[in-house]
Amino acid sequence: MLLNTPELKVGIADYKVARSPDNIITLGLGSCVGITLFDPNNKVGGMVHVMLADSTQFKNITNPAKFADLGIPLLLEEVLKFGARKTSLQAKIAGGAQMFTFADKTTSLNIGQRNVEMTKEMLKKLGIRLLAEDTGKNYGRTMILNTTTGEVTIRTIGSPLKIF
């Protein structure tokens, strides 16, 4: 990662799009999923931080970036506006952890797992290749997209950096 490179921060239920040499970062991916789309030819990338899988369970949706089924198409639309070509796009995802355990093993919200499943379903539906993922387990992640190389760096407490 380049030092002194501008960094765009993506909050929860938020998205950002940038060109090289900017980095895009999101913190606190627990059960949430971070999705990056990157065009290596045009050096355009974007990231969305989704909280929930399916918007159809809710009324009066004011923020489509909150949901995988709406946020990923929104991100796609925005990276295309920035000059990315859909046929060149590559996706990488992180998060989807099971952050809570229950004494009653039959009680499980599986929000993270549902978020990952919907993310993969949407990427497939949109015809975008999923190149890499760091999902599941039971810990939070920070995700950083380098819009020059397309590399995604994953930081977790107590673990070495993962770069894919």
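**Ground rules.** I am working from a predicted model, in which local features need pLDDT of at least 70 and side-chain atom pairs count only at pLDDT 80 or more, while totals for chains, interfaces and linings use all residues. Residues are numbered from 1 along each chain as its sequence is written, and side-chain values use heavy atoms, with hydrogens and water left out.

**Entry on salt bridges.** I found that the structure holds seven salt bridges, each being a side-chain nitrogen of Lys or Arg within 4 Å of a carboxyl oxygen of Asp or Glu. E78 forms one of them with K81, with the closest N and O atoms 3.2 Å apart, and K81 is exposed, since its relative accessible area is 58%. Both E78 and K81 lie in helix α1, three residues apart, which is about one turn of the helix; helices (H or I, at least four residues) and strands (E, at least two) are DSSP runs, numbered from the N terminus.

I then turned to K120 and E133, whose side chains meet in a salt bridge at 2.9 Å, N to O. K120 lies in helix α2 and E133 in strand β7 (residues 129-135), so this pair ties together parts that are 13 residues apart in sequence. K120 counts as partly exposed at 33% relative accessibility, and E133 also counts as partly exposed, at 34%. I also noted that salt bridges with shared partners join E77, E78 and K81 into one network. Elsewhere, D14 forms a salt bridge with K16, the closest N and O atoms being 3.0 Å apart; D14 is partly exposed at 22% relative accessibility, and K16 is partly exposed at 27%.

**Entry on V10.** I located V10 in strand β1 (residues 7-10), where it counts as buried because its relative accessibility is 5%. Leaving aside neighbours within four places in sequence, I find V10 in contact (heavy atoms within 4.5 Å) with Y15, K16, I24, I25, T26, L27, M47 and H49. The C-alpha atoms of V10 and G46 are separated by 9.7 Å, although these residues are 36 residues apart along the chain.

**Entry on the cores.** I took a nonpolar core to be a set of buried Ala, Val, Leu, Ile, Met, Phe, Trp, Tyr and Cys residues joined through side-chain atoms within 4.5 Å. The largest has 25 residues, of which I35, L37, V79, L123 and I128 touch the most other members. At least two residues of this core come from each of β4 (33-39), β5 (44-50), α1 (68-81), β6 (90-95) and α2 (111-126), and α1 gives the largest share, six residues. A second, separate core of eleven residues includes A18, L29, V152 and I154.

I followed strand β8 (residues 141-146) into strand β9 (residues 152-155), and the two pair in the antiparallel sense over four bridges; strands pair if DSSP finds at least two bridges between them. L145 stands opposite V152 in β9, and in the turn of this hairpin, which has five residues between the strands, G150 has a positive phi of about 85 degrees. β9 also pairs with strand β10 (residues 162-163) in the antiparallel sense, over two bridges, with T153 opposite I163.

Key: Buried < 20%, exposed > 50% of the residue type's maximum accessible area, 1.4 Å probe, protein only.
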